[in-house]
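Hi,

Here is the structure I promised to pass on.

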Amino acid sequence: MQRPNPRNIRIHPKYIKIAGIVFAVIFVILLIGGYIAYTKREALLEHEIAKAKATAKHDYNLDLEIGSARFTGLSTVEFTDITIVPAQRDSLLSIKNFEVDIKLMPLILGEVKLANVIMGNGHLNLTDINHIKNFDFIFKKKKDTTDNNTKVDLSELSYKLVNQVLYKIPDNLDVKNFLVTFTTDSSSFRMLTQTATIANGQLNSSIEVNNGAATWHFAGRMRPSDKDIDVKLYADGKKVEFPYVSRKYHLTVNFDTLSTRLSKVEHSGDETRISGYWGVRNLLIHQPGLSSSDIVVPSAGIDANVFVGQNYISVDSSSTISLKKIVAHPYIKYTLNPVKIYELKLNTGWTDAQDLFDSFPLGLFDSLDGIQVAGKLKYDLNIFLNSASPDDVQFDSRLEKDNFRIIRYGKTDLTKLNNTFTYTPYEHGKPMPSRVVGPQNPYFTPLSDISPNLQYAVMTAEDPSFYSNHGFVEESIRKSLATDYKERKFKRGGSTISMQLVKNAFLSREKTLGRKIEEILIVWMIENNQLMTKDRMLEVYFNIIEWGNDVYGIGEASRYYFNKPPSELTLGESIYLASIVPHPKTGLYSFLPDGSLRPYLFGYFRLIGDLMAARGKAAADSSGYGFYGVRLKESLRKEAPADTAMADSLIKHDKETNDDDALPVVAEPAVKKPTFLQRIFGKKDSTAKKEEIKQQDPKEKLKAEIEKLRNDEKQKELLIDTAGKTRKDLRQERRRLREEERDQEKALKDAANQ
């Protein structure tokens, strides 16, 4: 079929005439409407001002006053003497002169875009005095008259919010003498914008901070209509600092330059995409929770692609994080509904190992300063947590190496533990008496002279797969994440014996994020580069860890508690010593004044003993694995608290003030102590059992026994040896333990019903 030639198409003059008449009518209507609006604009302005005052009073309890308001051009309004005063609060805002010009075309389409803004002599006064804020109306929630079941589309909401912010930035700006103050009971902050202009797409400003203490500048490209922003913040001749943040949050932050760039905002389908860059130069951070020293980052930035969907916010994997010489690609996603899901991925690709170590922030990893390495490294991290099933959290973290080797150590020689060395423990930042770890010390005990009972008891409690893992047990970390999420705090640790050794031998006792990361790095280098044998690591570990107040090393501990060498420790004494490793200062609190153990430890003995027996490291024993045979040496018994409540309080206090990497102790109902003859011949006290039966309600007894079974099963799950096992193997092991617990529970119920 032949297509018609447009040149041959002829429009009848009648239709052209009709179209002309229609356009003429529309033009006349617009002209008349514009004339009416122009002549009535002053009345419309007064109406809108009255409406704004009423809304401010009704919704926020604010008194809004405007001295005068008038049109000075087609779309330009001039205001004078504007004040906003919250009811029964200090004055919030005053502006002497304010002139605004609105773009007409967007206004016709229902959008308010600012063309020009001129403002002079203003004051924004924020106060927080005697717990009364003059800006608390900001946090007041409006009454929600919408359907609560209506879901918010985050993609549309974010697009509208970004546009609203950009629309309120004028194409041209001229601000002079605008003061911002913030006053609290103990401090104040003052920032005077002497000048701020936007002209021809360029922002320039001069801001005086705290009466001349510093002068800040925001400068760069500012084209909000084109969604094109590239602005830097810097100070004259010094770093940008935030004194109020330092006083309020004990956080020192300063930097040379902070850069912000917005390059794209678009919405298509069900997703809003925002592209930008945020970077900093010569950043200094000091926060006790991060590090005891100043952390210095010469350069860092993120080139981010943020995607917002209907129910999620994400940083796409096409984003790039740069830290000095290294580059990494993050993927972060937070899904809000129908259930909250957290996803985090990070990968660096193969990178030069020396570049990686050179890029560590100064002041963060003190022991690694100056280290020289060769080869390549690659790091990958994957975390996935569904809030509906936190126990199924996925965790995979691995640092791979390619021909990696250490050429020269930094401040700390990581091989020093292979030879005799001097160990100086610290308490609350103060050094304790030093110990020589080697044959020169009479208390030093070679691994071969440490009772196998103690070796297996401590490994069972602290790190069952010590000889087969590489310093980390991924399953333990995964469980820690699940527990910490459910408890909403860092409650459960995942430290292996290797990590505890590094913490004690190379690092300070400070509890900071920097120290923990440094600990992980050193463990990886020792384990993955065979800097020490496992036997030597365990030997040093037993000879330096704390076992009580100023009791370090098993040679001191075995004599301190039991007046015997480590080679003679019984199974019961070994399980007891294993129980105090996480909280060594509570050692004496576990004993009664007669030197016997407090009953609450019986469950712990049975738990550790059963696990050791299951692995062939102890003979099965239904009487408590030596619990009744443990006796504190006589000279120390007077130091054991006589008051059980006091002992419990001291133990609780110690656990709250120390790292909680310990397995939770299973609470046991009080048991009657056997007599001397019963302990010798193993005869059970039948009279005590009869008394217990008489005194305890059968239902309560059954409930307590079932609860104990469940607690034991949970602890056995925590201590599963994960070395060399797949996730399927671990699931099957956990399933087996749960089935055993259910069978035992059923047997108890059947026995109770007979």
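Below is what turned up about the aromatic rings and their surroundings.

A quick word on the source: this is a predicted model, where local features need pLDDT of at least 70, side-chain atom pairs count only at pLDDT 80 or more, and totals for chains, interfaces and linings use all residues. Residues are numbered from 1 along each chain as its sequence is written, and side-chain values use heavy atoms, with hydrogens and water left out.

There are 23 aromatic pairs in the structure. To be a pair, rings of Phe, Tyr or Trp (its six-membered ring) need centres within 6.5 Å; planes under 30 degrees apart are stacked, over 60 edge-to-face, and the rest tilted.

One of the pairs is F466 with Y467, edge-to-face at 5.1 Å centre to centre and 80 degrees between the planes. F466 is buried at 0% relative accessibility, while Y467 is partly exposed at 42%. (Buried is under 20% relative accessible area, exposed over 50%, partly exposed in between, with a 1.4 Å probe and protein chains only.)

Y560 and Y561 also make an edge-to-face pair, because their planes are at 85 degrees, with the centres 4.8 Å apart. Here Y560 is partly exposed at 21% and Y561 is buried at 1%.

Then there's an aromatic cluster made of F357, F360, F365, F404 and W524.

Last, charges over rings (NZ of Lys or CZ of Arg within 6 Å of the ring centre and within 35 degrees of the ring normal). R273 has its charged end over the ring of F307, 4.3 Å from the centre, and K333 does this with Y312 at 4.4 Å.

Cheers
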